[in-house]
Amino acid sequence: MGGLWRQWRDVLSRLGFANAALDAKWLAAAALGLSNLEMVTRETEPVDDAAALRLAEMVQRRMGGESVGRIIGEREFYGLPFRLNAATLEPRPDTELLVDLALKAIGPGQRMLDLGTGTGCIPIAILANEPDVSALAVDLSGEALVAARENAVRNGVAERLQLLEGSWFEPLVEGERFDLIVSNPPYIESAVIETLAPEVRVHDPRLALDGGPDGLAPYRSIAAEAGRWLKPGGQLMVEIGHDQGASVSKVLAAAGLAGITVHCDLAGLDRVVCAHHIAA
Ligand SMILES: C[S@@+](CC[C@H](N)C(=O)[O-])C[C@H]1O[C@@H](n2cnc3c(N)ncnc32)[C@H](O)[C@@H]1O
């Protein structure tokens, strides 16, 4: 079996895939139904024809530009497993900073809202690490919410995560107030999407990418109403593109939010903007 995945590693490497070894190993583990540990301990075992064919088909999809996560239908985020479907974006390591900041801001007995939840990765990671917090998560895609529900069950937080279909705050019940609102909304400029790698342009759902002509439309919608749904002193935290720190800060300030701070990721790039709702 070791020989087989290494052959595919070499093929991917010759084709210029930067992570050829990891890609081939993960695809082989999925095709053979083995854990990472079993990939080592069963290294010398032979592979049956059906599994070898499954692996060949998976590598073919990788060559066509699909990401490994999308091919195997699963991705790890904040140390937890998340199922993907055609309507969900793959949770990305960049988004872990938003979870870190949210975990510092939220405490026992509090309630949070996640707008544009996709796989549910943000609230599920927070609830899994804060046993006494509850969350409401919204997405415009009913299909994405199917994945979020499955992920909430799988990660043991379904009883504390309510899921609603609709646009941003629209499906919420009037009168509810949150301690924290988080969002990783679509933030790519519409015209830029066509210039992105096939992995994103062809295989990621457009609804999860398209932030309108200047990439800021979702931030305007969210900022305009955040104050109405936050408790006094409550916080809004949004993930942003690496060049959006100043523009998103301006959008939040124009909506009357205060104490705005921009936080960088491990690569030193702007990644999250936080703001407070100060009651009038
Ligand atoms: C960038 S993805 C983020 C998904 C997930 N929160 C994450 O961090 O991986 C944006 C999500 O917003 C959802 N979305 C787009 N427009 C929306 C809207 N008007 N209201 C609610 N959700 C929306 C998309 O379906 C997608 O799931």
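Where does Pro186 lie? Pro186 lies in the loop between β6 and α9, where helices (H or I, at least four residues) and strands (E, at least two) are DSSP runs, numbered from the N terminus. This is a predicted model, in which local features need pLDDT of at least 70 and side-chain atom pairs count only at pLDDT 80 or more, whereas totals for chains, interfaces and linings use all residues. Residues are numbered from 1 along each chain as its sequence is written, and side-chain values use heavy atoms, with hydrogens and water left out.

**Annotated spans**

- UniProt, in an unreviewed entry, lists residues 4–73 as "domain: Release factor glutamine methyltransferase N-terminal"; UniProt positions are given in the numbering used here, feature names are shortened, and annotations may be inferred rather than shown by experiment.
- Within residues 4–73 the chain is 71% helix and 0% strand, and the end C-alpha atoms are 22 Å apart.
- The feature "domain: Methyltransferase small", also from an unreviewed UniProt entry, is placed at residues 95–192; that span is 36% helix and 22% strand, with its end C-alpha atoms 21 Å apart.

- The "binding site" annotation in UniProt (unreviewed entry) covers Asn184, Pro185, Pro186 and Tyr187.
- Of these residues, Asn184, Pro185, Pro186 and Tyr187 are included in the lining of the largest pocket; on a 1 Å grid over the protein atoms alone, a pocket is an open set of points where a 1.4 Å probe fits, with protein on both sides within 12 Å along at least five of seven lines, and lining residues have an atom within 4 Å of a point.
- Asn184 is found in the loop between β6 (178–183) and α9 (190–193), and, not counting residues up to four places away in sequence, Asn184 touches Thr95, Leu115, Gly116, Ile122 and Glu239, contact meaning heavy atoms within 4.5 Å.

**Helix α1 against helix α2**

- The axes of α1 (residues 2–14) and α2 come within 8 Å and cross at roughly 140°; axes are lines fitted to C-alpha atoms, for helices over the stretch in contact, and angles run from 0 to 180 degrees between N-to-C directions.
- That angle makes α1 oblique to α2, given that angles under 35 degrees count as roughly parallel, over 145 as roughly antiparallel, 65 to 115 as roughly perpendicular and the rest as oblique.
- The crossing of α1 and α2 is right-handed, a crossing being right-handed if the near helix is turned clockwise from the far one by less than a right angle, and left-handed if anticlockwise.
- On the α1 side Trp5, Trp8, Arg9, Leu12 and Ser13 meet Ala20, Ala21, Asp23, Ala24, Lys25 and Ala28 of α2.
- The residues of this α1 and α2 contact divide into seven nonpolar, one polar and three charged, where Ala, Val, Leu, Ile, Met, Phe, Trp, Tyr, Cys and Pro count as nonpolar, Asp, Glu, Lys and Arg as charged, and the others, Gly among them, as polar.

**The loop residue Phe17**

- Phe17 is found in the loop between α1 and α2 and, leaving aside neighbours within four places in sequence, is in contact with Leu12, Asp23, Arg62 and Met63.
- Phe17 and Val273 are 256 residues apart along the chain, and their C-alpha atoms are separated by 33 Å.

**Helix α2 against helix α4**

- Helix α2 (residues 20–32) packs with helix α4 (residues 49–63) at an angle of about 140°, with their axes 9 Å apart, and α2 and α4 are therefore oblique to each other.
- In the contact, Asp23, Leu27, Ala28, Ala30, Ala31 and Leu32 of α2 meet Ala51, Arg54, Leu55, Met58, Val59 and Arg62 of α4, a set that divides into nine nonpolar, no polar and three charged residues.

**Helix α11 against helix α12**

- Helix α11 (residues 217–229) and helix α12 (residues 245–254) pack at an angle of about 30°, their axes being 8 Å apart, which makes α11 roughly parallel to α12.
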